[in-house]
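Please open the model in your viewer and keep the sequence panel beside it. The tour below moves from one selection to the next and says what is to be found at each stop.

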Amino acid sequence: MTRLIDPHLSKLSFLMEKIGNLAVQSINLAIDSYLEGKNVRNESHKLSQEIMALYDEIGNLTFDMILKYQPVASDFRLIRSSIEVSYGFTRFGRYAYDITVVRDMFGDLSECKNEVIYTLTGEIKHMIHLAVQCFATLDLDKAKQLKTDEYLVDKYYNKHLPMLINSKNVKCALADALVLRYLERIADHAAFMGESVNYIVTGNRRS
Amino acid sequence: MSSYENMEGHYMSELQEADKMETVTKSPIKHSSTEDVKYKLIAENIVASYDGVVAVKNVNMKFRDKAVTALIGPSGCGKTTFLRCLNRMHELTKNAKLTGRVLLDGEDLYSNEQDPIINRRKIGMVFQKPNPFPTMSIYDNVAAGLKLNGLRDKSIIEQIVKGCLEMVYLWDEVKDDLKKPGMSLSGGQQQRLCIARALAIQPEVLLMDEPASALDPIATQKIEEMITELKKEYTIIIVTHNMQQAVRVSDYTGFMYLGDLIEFGETKQIFENPRNEITAKYVQGQFG
Amino acid sequence: MITVEQRAEFRKHFRYNVSRRLVTDKIIKGVVFGCVVITIIPLGSILLEVFRNGASALSIEFLTQVPGAVGEAGGGIGPAIQGTLLLVGMSSLIGVPIGVLGGIFLSEFGNNRLGKTIRFFNDVLAEFPTIVIGLFAFIMIVLVFGTFSILAGMFALSIIMLPIITRTTEEALKLVPISYREAGYALGIKRWTIIMRIILSSAKSGLVTGIMLSVARIGGETAPLIFTILGSSQFFSGFDQPMDALPLRIWRLSLLPYDTAAAQGWGAALVLILIVLALNIGVRYVFLRKHGRSLHVRITGGG
C-alpha cells in the first residue's frame, strides 16, 4: 500500500545518491590532483558548493516530511540518518577542498615524497566508495567493514604523524601533516555513515 | 553534530566513554530488575468474548504505577474490549464471557468475594464521547459518584469537587457558576468534566477510552497536559488510535492486533525501533 | 478525471430537471398543507361548536351546584366535575406508578423472551375495548362489594391507563442514550440508583407526555363508567358509593328531550375539554419551568 510519505522517501533516496556521488567525485578529484601536483582549488570549491546546495535541499525535504507525516520506526530512522549522512557528505566536500587548498597555498610540492599519502589514499578511496554503497543498500556487513577500515586508518595515522616531527623538509612535513589529517577525518566520517546505517537497520546507536 | 566533535580522540577508550554517557541519558525510567518494579495492575490470561466472537485472545499485560500506558492497534483489534475487562465493565455487554485474572495491588478483581461495584470505584473510566449527566449541574455531575453512592457530608463533597475540578484544569473556568447545567459547557470542557467526575470517587487507576478523539486540537492538547500531570499520582491506561498522542503522552505502549498483544514495551522503543514486523507496519501506516 | 468543460456539458442537462422539480415541490407542499388543513377542520369545528353552544351555560352556579330537577333550568354539574377530578386523580395514583415501573422493567430488563411476552400482552390490553374493561370491573368490584362505587370506576380506569403509560415510559427510557448508563456503571453506582436518579430524570419529558396522554384518555371514557360508578346527583359520599362524572353526565343529559338539558350538556362538554386542557398546560408549565435551563445544549466543536 503506497503511503503519502513514499514518493518523498523516493525523492530523498534520489537526492542522497546524487550527493553521495558528488562527494566521492570531489574527493577523488582532490586526491588525484594532489598526487599529480595539479591545482584544482576552484573546481573543488564549486563541487563543495554544489554539495552544500544539495544538503540544504535534503534538509528541507526531511524537515518537510517530519512536519507533515510525523514518521516513526524505520521511516524515522532513515530520515534522521539521512540528515546525518548528508552532513557527512558535506564534510567530504569540505575536506576535499581543504586538500586542494594545501596544494594551492604551498605551491609546488614535487620534491615531497608522497609515499605516506599515497598508501593512505588508496584506503580512503575504498572507504568512501564503500560508505556510499553501504547507505544505498543498507548493508550491515559493509558497515562492519567500514568500522575495521577506520580502525586501520587510525592506527596508520597515529603511527605516521609523529614520524613527521623528524622530517628534514618543513614544507613537505607541514603539507603531509595537513593532508594526513584531512584524510583521517574523511575516514572518520565514512565510518559514522556506517554507524548511521547500523542505526537504520537495527535501531541501535553505536553498536 | 557535536557528538562527532566529541569523538575526535579516535581511541577506542574514548569511544567507550561516549557509550557510557549515552546509557546514562538513555531513558528516564531506571532499569531495575522486574521483581523490584511496582506493577499497580496486572492482567493475566484475559480471554474475552461477546456474542460468540472472541475479541481478546489470551492477553497478559502489566501496568506500572504512576505511569501512562497506551494501547494502540487498528479498529476491532480488541483494545477497547480489553480495557473494559479491567474494571469489570465487560460483563455488562450482551452475552459477554471472560476468563482470566486482573490483579489490582495483588488482589484479584474477579474473585468471587469481590463485589464488582467496589472494583469499579477503584478503577475509574472515561469514555470517548463526553457524557455528563444531562439533568445535573456541573457541581452535581462531579459529585454524582459520591452522592449517589451514599456520601452525605457536604463539606467533604465540596472539597473533593474543588480538588477534582482543579486537577482537570476546569476549576478556574467554572468556579463562578457551578450550578450551570453540565451540558452547557463546550465539548472539551465536558470531557474534562467527565474526567473530574471519574476522579471524584478516588480511584487508583484511570482508564481512558480514546478520550480526545471527539475534540479539536486545542482541547486535545489540554487533555494531554492534564494526563501528564495526573500520572504523577495515578496509574493511567489510555486507548488511542492517534499514534502521535501515544508518543506524546505515554511511557509504555502495547500494540494489539486481532485480539492478541503483539508487542509491549517502552513507548520510545515501540515507535523508534519496533521489534515485531506487524508492529512496524502498523505504526508506519502500512495498514489501517 | 472529469474536466471543467465536461462538467459544463453535463450541467447543461441538469437545468431542465431542476425547474420541473421546483414545480413538483410546490404542488406537493400544497397537497400536504391541504391535508393538514383538512385535519384541523374537524378539530377546529368541534371546539367552535362546543364553545358556541356551551359558553352560554357557564356560570358559578353551573359549576358548583348539584343538578336540579329533570327538565328544569337551574342546578349545575358540580358533582360531575368533582367526580371526574377524583376519578382521574385516584386512577393516576394507581396507574402511574405501576405503569412507570412496568415501563422501567421492559426497557432495562426486558430484552428477553419474558420481556417480549409482557410487551405483547401489554399492547393487547392497550387495544382492549373499554366497555369490556368496564364489564370486568363490574364483575370484579361491583358484584363482589354489592354497590356501584368510585372504587370500581378507579379500578376500570387504571386498567385502561396502565398499558399506555407502560408503553410510553418504555419508549421514553429507550431514547436515553446508553452512554449515561455506562457512565453510571463506571462510577460504581448501583443499577437501581442509576435508573431512578439518572435515567428517569433524563426521560422526564417523554414520561410526562405519556402520562398526560393517558389522563386525557381516561378523562373522556364513558363506557366503563356506566357499569361502575353509575352516576349520581350528589357530591362525593364515600368510596363505596356511586358517583357522577362529566362524560357520564354529558351522555345522560344528551338523552333527555329538554332544551335546558341540552344546553347543560354542551356546558359540561366545554368544562371537560377545559379541564383536560388546563391539566396539560399546567403540568407542562411546572415541568418546563424546572427543566428549562437544562435544555440549553451548546453545539460547539470543542475547546
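Begin in chain B with strand S4 (residues 96-104), which is joined to S5(B) by two bridges, the two strands running antiparallel. Helices (H or I, at least four residues) and strands (E, at least two) are DSSP runs, numbered from the N terminus, and two strands are said to pair if DSSP finds at least two bridges between them. Select Leu103(B) next, and its bridge partner in S5(B) is Asp108(B).

Before going further, note that this is a predicted model, in which local features need pLDDT of at least 70 and side-chain atom pairs count only at pLDDT 80 or more, while totals for chains, interfaces and linings use all residues. Residues are numbered from 1 along each chain as its sequence is written, and chains are lettered from A and ligands numbered from 1 in the order in which they are written.

**The sheet in chain B**

Now widen the selection to the open sheet of four strands, whose order is S2-S1-S4-S5 (chain B) with antiparallel pairing. Strand S2 (53-64) and strand S5 (107-108) of chain B stand at the edges with a single partner strand each, so one side of each is left without a neighbour in the sheet. Strands of a sheet pair through backbone hydrogen bonds, either parallel or antiparallel.

Which strands does S1(B) join through eight bridges? One is S2(B), to which S1(B) runs antiparallel, and another is S4(B), where the pairing is again in the antiparallel sense. To see examples of these bridges, select Ala48(B), which is partnered by Val56(B) in S2(B), and then Tyr50(B), which is partnered by Ala96(B) in S4(B). The hairpin of S1(B) and S2(B) has two residues between the strands, and there Asp51(B) takes a positive phi near 55 degrees.

Colouring the whole of chain B by secondary structure shows 12 helices and 10 strands. Of its 288 residues, 44% are buried, a residue being buried if 20 or more other C-beta atoms, placed from the backbone, lie within 10 Å of its own.

**From chain B to its neighbours**

Where chain B meets chain A, 17 residues of chain B are in contact with 15 residues of chain A. On the side of chain B that touches chain A, at least two residues each come from helix H2 (12-24), helix H10 (243-249), helix H11 (267-272) and helix H12 (277-283) of chain B.

The most contacts among the two pairs of chains that touch are between chains B and C, and this contact takes 24 residues from chain C and 31 residues from chain B. On the side of chain C that touches chain B, helix H7 (178-186) and helix H8 (191-202) of chain C are the elements that give two or more residues, and H7(C) gives the most, with six residues. Chain A and chain C are joined by no contact, their closest C-alpha atoms lying 20 Å apart.

**Chain C as a whole**

The C-alpha trace of chain C spans about 90 × 55 × 35 Å along its principal axes, and 33% of the residues of chain C count as buried.

**Last stop: a helix of chain A**

Finish on helix H1 (residues 6-36) of chain A, whose 31 residues should span 45 Å at 1.5 Å a residue, which agrees with end C-alpha atoms 45 Å apart; the expected span is 1.5 Å times one less than the number of residues. The buried residues of H1(A), among them Leu12(A), Met16(A), Ile19(A) and Tyr34(A), pack against helix H2 (41-69), helix H3 (73-106), helix H4 (115-137) and helix H6 (170-202) of chain A. Following H1(A) is Gly37(A), with a positive phi near 85 degrees.

Notes:
Buried ≥ 20, exposed ≤ 12 C-beta atoms within 10 Å, placed from the backbone. Contact = placed C-beta atoms within 7 Å.
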